[in-house]
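Subject: A structure for you to look through

Dear colleague,

Please take your time over each part.

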Amino acid sequence: MLFYFALFIFILACLFNLWLITCFIKSKGQNPPFIISFGRPKEEMIRQAASFLQQHPNAKTVDLGCGLANLLLPLAKQFPNHQFVGYEWSFFLHKWAVFRTRNQPNLKILRHDFFKTDLHDYQLVLCYYSSTFDPKLGTKLNTELPQNSLVISEFFKLPILKLKQQIPLRYCFIKTKIYLYTPND
């Protein structure tokens with residue numbers, strides 16, 4: 001019985017990965033693949049975001065590629081007077097995130113290309129973004145974000161922005177970093 005359960009889980013995982021790869025190919029590489037935030041990197045990103053939000057009572061937060069809203073949902077619960085917005089390009093993940101966050105009135109999940117969205121109103125940006133998109137995303141954030149804003153990036157550098165801090169972490173057996181940025185002056 002245990003063997004069949006393990007086989008079932010393995011097949012589900014393979015199908016899910018195949019679906020993710022198909023979505024990435026269908027988008028012609030224009031959208032980053034889905035990578036779930038968990039473990040120490042997730043905890044550290046939430047800790048850094050919470051620290052920023054405590055110091056900025058009116059700050060609006062956006063997650064560019066929010067996936068299942070694993071970062072936004074705990075923050076929205078912890079900071080009910082703040083506004084949170086997540087962008088997710090995948091139809092399935094968007095619907096799943098909307099369902100998960102349906103009881104959180106200060107959190108909105110949108111299925112829209114954030115490159116076509118004005119980000120001037122956001123003071124806190126969360127992202128897990130492949131290095132393939134660095135110049136485009138870094139330029140957009142540097143141009144549109146207010147000077148007192150903070151960008152928290154998991155795993156990937158955004159060299160166009162001004163690096164404020166690097167936080168080294170271990171992710172399973174992989175050494176990684178969380179990057180904190182501010183727009184250039």
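**A loop and what it touches**

Leaving out residues up to four places away in sequence, Asn-58 touches His-82 and Gln-123. Before going further, please keep in mind that this is a predicted model, and that the values below are computed from it.

Asn-58 has its place in the loop between helix 2 and strand 1, and with a relative accessibility of 73% it counts as exposed, because the cut-off for that word is over 50%. Although 64 residues separate Asn-58 from Tyr-122 along the chain, their C-alpha atoms are 9.9 Å apart. Ala-59 belongs to the loop between helix 2 and strand 1 as well, but Ala-59 is buried, with a relative accessible area of 3%. Not counting residues up to four places away in sequence, Ala-59 touches Phe-52, Leu-53, His-82, Gln-83 and Gln-123. From Ala-59 to His-82 the distance is 23 residues in sequence and 6.6 Å in space, taken from C-alpha to C-alpha.

**The chain as a whole**

The secondary structure of the protein chain comes to 5 helices and 7 strands, and when you read along the sequence they follow the pattern α-α-β-α-β-α-β-β-α-β-β-β. The chain has 185 residues, of which 46% count as buried. If you take the contacts between residues at least 6 apart in sequence, 62% of them join residues that are at least 24 apart. The chain exposes about 10500 Å², and carbon and sulfur atoms supply 62% of that area.

Which way do the residues of strand 4 point? Leu-124 and Leu-126 point one way from this strand, which covers residues 124-127, while Val-125 and Cys-127 point the other way, and all are buried. In a regular strand the side chains alternate between the two faces of the sheet.

Strand 4 runs parallel to strand 1 (residues 60-64), to which 4 bridges join it, and Thr-61 stands opposite Leu-124 there. Strand 4 also pairs with strand 5 (residues 150-154), in the parallel sense and over 4 bridges, and the bridge partner of Leu-124 in strand 5 is Leu-150.

In soluble globular proteins, nonpolar side chains tend to be buried together. Here the largest nonpolar core has 27 residues, and those with the most contacts inside it are Leu-53, Leu-72, Leu-75, Phe-84, Leu-124, Leu-126 and Ile-152. Among the elements that give two or more residues to this core are helix 2 (39-55), helix 3 (72-78), strand 3 (107-110), strand 4 and strand 5, and helix 2 gives the most, with 6 residues. A second, separate core has 18 residues, including Leu-119, Cys-127, Leu-158 and Tyr-179.

Helix 4 covers residues 91-100, and Leu-93, His-94 and Ala-97 are buried in it. Seen down the helix axis, the buried residues of helix 4 fall within an arc of 100°, so they line one face of the helix. The face turned away from that buried side carries the exposed residues Phe-91 and Phe-99. An α-helix has 3.6 residues a turn, so residues three or four places apart point the same way.

His-94 is buried, with a relative accessible area of 10%, and His-94 touches Glu-88, Ile-109, Leu-110 and Arg-111 when residues up to four places away in sequence are not counted.

**Cysteines, and one backbone angle**

Cys-66 counts as buried at 7% relative accessibility, and Cys-127 counts as buried at 2%, since each value is under the 20% cut-off. How many disulfides does the model have? The count comes to 0, by the rule that a disulfide needs a pair of cysteine sulfur atoms within 2.5 Å.

Finally, please look at Ala-69 in the loop between strand 1 and helix 3. The phi of Ala-69 is near 65°, which is a positive value in a residue other than glycine, and Ala-69 is buried, with a relative accessible area of 0%.

With best wishes

Technical notes. Residues numbered from 1 in each chain as written. Predicted model: local features only at pLDDT ≥ 70, side-chain atom pairs only at ≥ 80, totals over all residues. Heavy atoms only, no water. Buried < 20%, exposed > 50% of the residue type's maximum accessible area, 1.4 Å probe, protein only. Pairing = 2+ DSSP bridges. Core = buried A, V, L, I, M, F, W, Y, C linked by side-chain atoms within 4.5 Å. Arc of directions from axis to C-beta. Contact = heavy atoms within 4.5 Å. Areas by Shrake-Rupley, 256 points an atom, 1.4 Å probe, with all protein chains shown as cover.
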